[in-house]
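Student: Before we discuss this model, please show me the sequence and the coordinates together.

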Amino acid sequence: MDLSEHETLPPHVMRRLESAVGYLELDLPEEAWVELEGIDHDYHAHPIIMLGRVDVRMRQARWEDAVGLAEALCRVATSEPGAYISRSFCLHCLGRTLEAREKLLEAPHELEKVPTFHYNLACYECTLGNLDAARRRLAKAISLYDGFEEFAGSDPDLKALHPELPALAHTAKKAKRPKAKG
């Protein structure tokens, strides 16, 4: 969570928010929640506070709470990729993978530039048995961010694609190279 762009919040709110982020970095989500709850309710509708609350509930595996908070965040911060990605991830964790895929596909088109958008869709497609779509999405995710190749190799949602991963990654990396002028 990048706090630098939210310097317009009062110092006492920023201190609590920074403390919450620190607790999350220490994997102490309960303490992070206490900090966020300690922020004046007037600021609870601020997108960065809402995103923090979603993050904490996700770390606590409180998926129903997190999906509700993420849904509200999608309405308030329509350009925040984390809102849509988090909402769908929570739905997937609740076993509502088809809904997760549909909600993510309904997100603003700007998200198509975000590697996690494609990676999560690959996971949802694979879980739903749509392996061709999963392959395309995973290749796109890897072409946007090489780190997803290693991550995908241990992701249980992508287990059906594990044997194909080296070939998919090779194709993805090849597709992202600039074409030679001829």
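Student: Between which two helices does the loop with alanine 61 lie?
Tutor: This is a predicted model, in which local features need pLDDT of at least 70, side-chain atom pairs count only at pLDDT 80 or more, and totals for chains, interfaces and linings use all residues. Residues are numbered from 1 along each chain as its sequence is written, and side-chain values use heavy atoms, with hydrogens and water left out. Helices are DSSP runs of H or I with at least four residues, strands are runs of E with at least two, and both are numbered from the N terminus. On that basis, the loop holding alanine 61 lies between helix H3 (47-59) and H4.

Student: What is the phi of alanine 61, and is the residue buried, partly exposed or exposed?
Tutor: Phi of alanine 61 is positive, near 55°, although the residue is not a glycine. Buried means under 20% relative accessible area, exposed over 50%, and partly exposed in between, with a 1.4 Å probe and protein chains only. Because its relative accessible area is 44%, alanine 61 is partly exposed.

Student: Which loop contains aspartate 27, and how accessible is this residue?
Tutor: Aspartate 27 also has a positive phi, about 60°, and is not a glycine. The residue is placed in the loop between helix H1 (11-25) and helix H2 (29-37). Aspartate 27 counts as exposed, because its relative accessible area is 55%.

Student: What distance separates the C-alpha atoms of aspartate 155 and alanine 61?
Tutor: Along the chain, aspartate 155 and alanine 61 are 94 residues apart.

Student: How many aromatic pairs does a search of the whole structure find?
Tutor: Rings of Phe, Tyr and Trp (its six-membered ring) pair if their centres lie within 6.5 Å; planes under 30 degrees apart count as stacked, over 60 as edge-to-face and the rest as tilted. With these criteria, the number of aromatic pairs found in the whole structure is 5.

Student: What geometry do tryptophan 63 and phenylalanine 89 have, and how many residues apart are they?
Tutor: Their rings are 5.7 Å apart centre to centre with 70° between the planes, an edge-to-face pair. Tryptophan 63 is in helix H4 (residues 63-76) and phenylalanine 89 in helix H5 (residues 81-93). The pair therefore links distant parts of the chain, with a separation of 26 residues.

Student: Why is the pair of tyrosine 145 and phenylalanine 148 edge-to-face, and which aromatic cluster includes both?
Tutor: The ring centres of tyrosine 145 and phenylalanine 148 are 5.2 Å apart and the planes lie at 85°, so the pair counts as edge-to-face. Tyrosine 145 is partly exposed at 45% relative accessible area, whereas phenylalanine 148 is buried at 10%. Both belong to one aromatic cluster formed by Tyr119, Tyr145, Phe148 and Phe151.

Student: How far is the charged end of arginine 57 from the centre of the ring of tryptophan 33?
Tutor: A charge sits over a ring if NZ of Lys or CZ of Arg is within 6 Å of the ring centre and within 35 degrees of the ring normal. The charged end of arginine 57 sits over the ring of tryptophan 33, and its distance from the ring centre is 3.5 Å.
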